Amino acid sequence: MTPDAATAQAVDRLRDEGVAVVHDVLTRDEAADALATLWAAAEESRRQGIPTFMPVLDPNVANVRVFNLIALDPLFTHLIEHPVADALATGLLGADYIVSNFTANIARPGAGSMAVHSDLAIVAPEPWASPGSLNVIWCLTDVTADNGGTLHLPGSQRYATQAEVFAAYGVDRPEDLVGHMLPFEAPAGSVIAMDGRVWHTSGRNVTADQDRALLFGYYAQPWLRPQWNFTRALPEDVQAACPPTLRHRLGLDHSLNTGDGVLIGRGPLG
Ligand SMILES: O=C(O)CCC(=O)C(=O)O
């Protein structure tokens, strides 16, 4: 199958099943290089005063979080606008999607699970009746059940409210959904797409010596407030280097409805 055909098949599966995996988007060597870049970015983030452990998110320091990736290395600018990510985001959300966030979570041996959630539930009130957001997850290492492959609830994108999800699985609390979840498993270099309505949590890393490193490109409908304020967070030189389409998706332009920005799809005036 050609790379384009594999991506088109993944878009179909994402729309039907809420999740899809595309293999070999990066070579193993490219994934290893990206991992080295990510560790350097983690160091630089700490140097700039943005911590890489967030107690509000993770139970212990074995999870290393890296925020503001686009500011930290041009590789991450390349990945956030990568043609495979663009095809997945356009396929689920439409051509006018925006970039809401771009972060990393390295689950090291001993990492525990975070709170069960859906990514759309964090940024939008119920009902979640249509696709509002998408995570495009870059696997920089092999991802397995044992090293913390993201636990997810296949099909949960079909439920528009938390009560519907709980009723479907006969549970009263989000944490009770874990028993129904499956781990993502994919080789380094793969991309995993997950509809923002899919309920999930990070897996526990029970290996002795394997890191599980994932990048999360979070894309959203243009009417959703982004999780990250790129205008504030990206240095001027990084902003200046962004091409027009990416500037639009990051919200760097002055306006969205007076022609200063790029209306990518069909704008409000047709
Ligand atoms: O690291 C993971 O497997 C999931 C992370 C996640 O769901 C999140 O940060 O919201």
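Seven residues of domain 1 touch eight residues of domain 2. On the domain 1 side, the elements that put in two or more residues are α3 (69-72) and β3. Sort the residues on that side by class and you get five nonpolar, one polar and one charged. Keep in mind that you're looking at a predicted model.

Now for the inside. The largest nonpolar core has 69 residues, and Leu88, Leu140, Ala193 and Tyr219 have the most contacts within it. Both domain 1 (3-221) and domain 2 (229-262) supply residues to this core, so it sits between them. In soluble globular proteins, nonpolar side chains tend to be buried together.

Which residues does Tyr219 contact, leaving aside its neighbours within four places in sequence? They are Ala89, Leu93, Tyr97, Ile98, Val99, Ser100, Ser133, Leu134 and Val136.

Next, find strand β9, which covers residues 212-220. Is this strand mostly covered or mostly open? It's mostly covered, with eight of its nine residues buried. Strands of a sheet pair through backbone hydrogen bonds, either parallel or antiparallel. Strand β3 (residues 98-107) runs antiparallel to β9, and nine bridges join the two. As an example, look for Asn101, which stands opposite Tyr218 in β9. Strand β4 (residues 133-139) is also antiparallel to β9, this time with seven bridges. Here Cys139 has Leu214 of β9 as its bridge partner.

There's also an open sheet of three strands, in the order β6-β5-β8, with antiparallel pairing. At its edges stand β6 (182-183) and β8 (200-201), each with a single partner strand, so one side of each has no neighbour in the sheet. Between β5 (residues 151-152) and β8 there are two bridges, and His152 stands opposite His200 in β8.

Last stop: the ligand. Which residues surround it? Look for Asn105, Thr150, His200, Ser202 and Leu214. By class, the shell around the ligand contains four polar residues, one nonpolar residue and no charged ones.

Methods
Residues numbered from 1 in each chain as written. Predicted model: local features only at pLDDT ≥ 70, side-chain atom pairs only at ≥ 80, totals over all residues. Near = placed C-beta within 6 Å. Nonpolar A, V, L, I, M, F, W, Y, C, P; charged D, E, K, R; others polar. Buried ≥ 20, exposed ≤ 12 C-beta atoms within 10 Å, placed from the backbone. Helix = DSSP H or I, 4+ residues; strand = E, 2+ residues; numbered from the N terminus. Pairing = 2+ DSSP bridges. Core = buried A, V, L, I, M, F, W, Y, C linked by C-beta atoms within 7 Å. Domains from an automatic or database assignment. Contact = placed C-beta atoms within 7 Å.
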